[in-house]
Amino acid sequence: MKRSAGCTATALALAAMVTWPALGQAQEPIRIGAPFELTGRFAAYGTAGKRGVEMAVDAYGKRVLGRPIEVKYVDVQSNAQVTVSAMTELLEQERVDYVIGPITSGVVSWATPPWRQRKPVWLVPGSSSTRNETELGKEKYFFHPYPWDYDYHASLTAMLKHYIGTGKKLAIVYSDGAYGRAHLPHAKEAFAGAGYRIVLEELVREGAADYSPALLKVRQARPDLLLGLVQTADAILLTKQAKSANVGVPYLVGTVYAALNEWQKATGAAGDGWLSVTSYMPNLKRPGNPKYPKLFPSSDDWEKAFRARYNREPEFLDPLNYVAAVMLFMAIDRAGSIEKDKVVAELEKMDEPTFYGRAKYTKSKGGTLHQAFSAMIVMQRQNGKSVVIYPPEVAKGKLITAGP
Amino acid sequence: MGLYVQLLVDGLFLGGLYTLAAIGISLSYGVIRIINFAHGEFVMLGSYAAFWLATLYKLDPLTSLPLVVLGGGVAGYLLFRWVIRHVLEAPHLNQILLTFGISLVLQNLAVVLWTGDLRSATSVVSYAAAELGPVLLTFSRLIAFVVAVLLVVALLGWLKWSELGRATRAVAQNQQAALLMGIPIRFIYALSFGISAALGAAAGGLLSFLIPLSPWMGFPLVVKAFAIVALGGLGSVMGAIAGAMLLGLSETAVSYVLPGGSGWAEGVSFVFLLGILLLRPRGIYGQALEEQHR
């Protein structure tokens, strides 16, 4: 009896020794770095990114491969030095396995040098600047589930050709930051290629207090279209001053800012008539994925869950970051390992319908190896509401001219 | 010709706003000899006060301006009495660190209370404009300029003709002599700091319908305001006015005259200011101030 008990104890001890490391690994969290712009001038973008990732972690049951998902959110403060130190800390001290974020083009470019030190799998659900595409697109571990700036201008010009034809005069106001300068050549190429004549290119300073001189030049040029290649804070000033200066341009064209709640609230009636491209907006009534109804429900159901949790309307970046994070978790599950090459292989194979669009990484026009969600819709602010006007199959209204 | 008149008008409008943002710094330095890095946050708080009064109580930012100015003045007075007065005798570095710390606290408080979202108020004059021949007058900037001029004139009048104003100038000129004359210099300090904050809040109230608001809007403004104050001569109210007008006009001139000038305006203007400081290292009114101290 004693001998039998001794054997059992020894067997249990041996079993514990063999399984302990595996058990330990099973409990060890999967660390994901989430450097977002939670404060500073790009806070609206970063906080949307964080909300999307939070919802994804919860929707996935907070575990992947039986291990808890641990997301390290850090605030990069929309600041270059803070971004570099936050990325370095995530990669060197926290030793995260994957990185999601930041969102905006300039911040992504600041985060790039520290990322290069270790090169974990990096999802950037934002950043339209092709400067980042040139810098990062060919990297094997870089994933970009968001359109590049040439996708913006391709959608805008297609919409304009559809409604007003070609041969119109265009004035461009662009900011001196990474955003404006990166967009300018692609905008010129797309608009000139579509048959629009560029009569003015006016540079403005990011964060300036007065755009009156630039707008006076626009008035004098008498264009049919005004294209504002600036980011949200500057776009608010441009919009309000364009209204008070009565620039008299029939078509006011923005990039993505006119789709943001922040811009819409700040500009109020002055925003009427402005056009915007976006990859998502509420009430599109898109179906979910019947194979994964909990992870990819219909857009209505997802928006309902979002509103219940955050008591606000989702922005285009909320569902984008959600879908991008869920895709990553699914890839880790399918790989059966956190080894990055296996996860990359699974991300490359993934092809799932979602309420955000088809979740499939392919090669972009500009050479990004892993590009998803390049399709965009065009909306216009009409009487204080956002109305989808292009492409025709999802349009709820037609293009109208901006009021006086 | 029309272009140059437009340039002059827009330059003056911008200079008026810069004056209001900078004059408070000049006043507090001139009297208390403290460089207040939290001044930009008074501008920010003034903007938010005007924004919330407009949003919650439908008060036009121009209507609520007296309330905003009063609130800013009381807040500045209390901040001096409770916090700033403790470092009056401390080294300049400690004073700078304290005001910088206050600035960070106020910024973060604004983030906690109102989030980092960009906002903007709308006034009845926001989108009104008149065309006088080739010149466009936007009423929002015109009225902001007029209000700024009125406030600056009121400050100068108060300094020149009121008893407390004369006492304030006396403290600015020679603190020891003022003390010997029986002037309550601690009270004058607190009053000057309060007026300085009120002017910052007034600038904020006017900016609330002109530019986007955020908890971080104060810092870039205060950097520009320090450049203006240095150009005009540290501590000189007249110098701050001259510096602000010069900066407003030079920025607007560069914007209008150079191709893509709006993008170069700040850079070229600061080079221009640097040139003036090389010629007059004490600033435009700095010499006069120094002579007054002797």
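In the predicted model, A:Pro102 occupies the loop between β4 (98-100) and α4 (105-118) of chain A, where helices (H or I, at least four residues) and strands (E, at least two) are DSSP runs numbered from the N terminus. The peptide bond joining A:Gly101 to A:Pro102 is cis, with omega near 0°. A cis peptide bond also links A:Tyr390 to A:Pro391, with omega near 5°, and A:Pro391 falls in the segment after β15 (385-390) of chain A. Residues are numbered from 1 along each chain as its sequence is written, and chains are lettered from A in the order in which they are written. Because the model is predicted, local features need pLDDT of at least 70 and side-chain atom pairs count only at pLDDT 80 or more, whereas totals for chains, interfaces and linings use all residues.

Most residues other than glycine have a negative phi, and most peptide bonds are trans. A:Lys119, which is not a glycine, has a positive phi of about 50°. This lysine, A:Lys119, is placed in the loop between α4 and β5 (121-123) of chain A. With 14 C-beta neighbours inside 10 Å, A:Lys119 counts as partly exposed; a residue is buried if 20 or more other C-beta atoms lie within 10 Å of its own, exposed if 12 or fewer, and partly exposed in between, with C-beta atoms placed from the backbone. A:Lys285 likewise has a positive phi, near 60°, and is found in the loop between β11 (274-278) and α11 (299-310) of chain A. A:Lys285 is exposed, having 10 other C-beta atoms within 10 Å.

Chain A is assigned domain 1 (1-147 + 283-373) and domain 2 (150-278 + 376-390), the bounds coming from an automatic or database domain assignment. The centres of these two domains of chain A, taken over C-alpha atoms, are separated by 33 Å. In chain A, 15 residues of domain 1 are in contact with 16 residues of domain 2, contact meaning that the C-beta atoms of two residues, placed from the backbone, lie within 7 Å. On the domain 1 side, the elements that give two or more residues are α4 and α5 (130-136) of chain A, and α4(A) gives the most, with three residues. By class, this side of domain 1 has three nonpolar, seven polar and five charged residues; Ala, Val, Leu, Ile, Met, Phe, Trp, Tyr, Cys and Pro count as nonpolar, Asp, Glu, Lys and Arg as charged, and the others, Gly among them, as polar.

The contact between the chains takes 30 residues from chain B and 32 residues from chain A. On the side of chain B, two or more residues are given by each of α1 (2-32), β2 (135-138), α10 (237-257) and α11 (261-279) of chain B. The largest share of this side, five residues, comes from α11(B). Its composition is 12 nonpolar, 14 polar and four charged residues.

The largest nonpolar core has 216 residues, and those with the most contacts inside it include A:Val173, B:Leu20 and B:Ala22. A nonpolar core is a set of buried Ala, Val, Leu, Ile, Met, Phe, Trp, Tyr and Cys residues joined through C-beta atoms within 7 Å. Helix α8 (residues 185-207) of chain B supplies the largest share of this core, 15 residues. Domain 1 and domain 2 of chain A both give residues to the core, so it lies between them. Apart from neighbours within four places in sequence, B:Ala22 is in contact with B:Ala225, B:Ile228, B:Val229, B:Ala240, B:Gly243 and B:Ala244. A second, separate core of five residues includes B:Leu7, B:Ala253, B:Val254 and B:Ala265.
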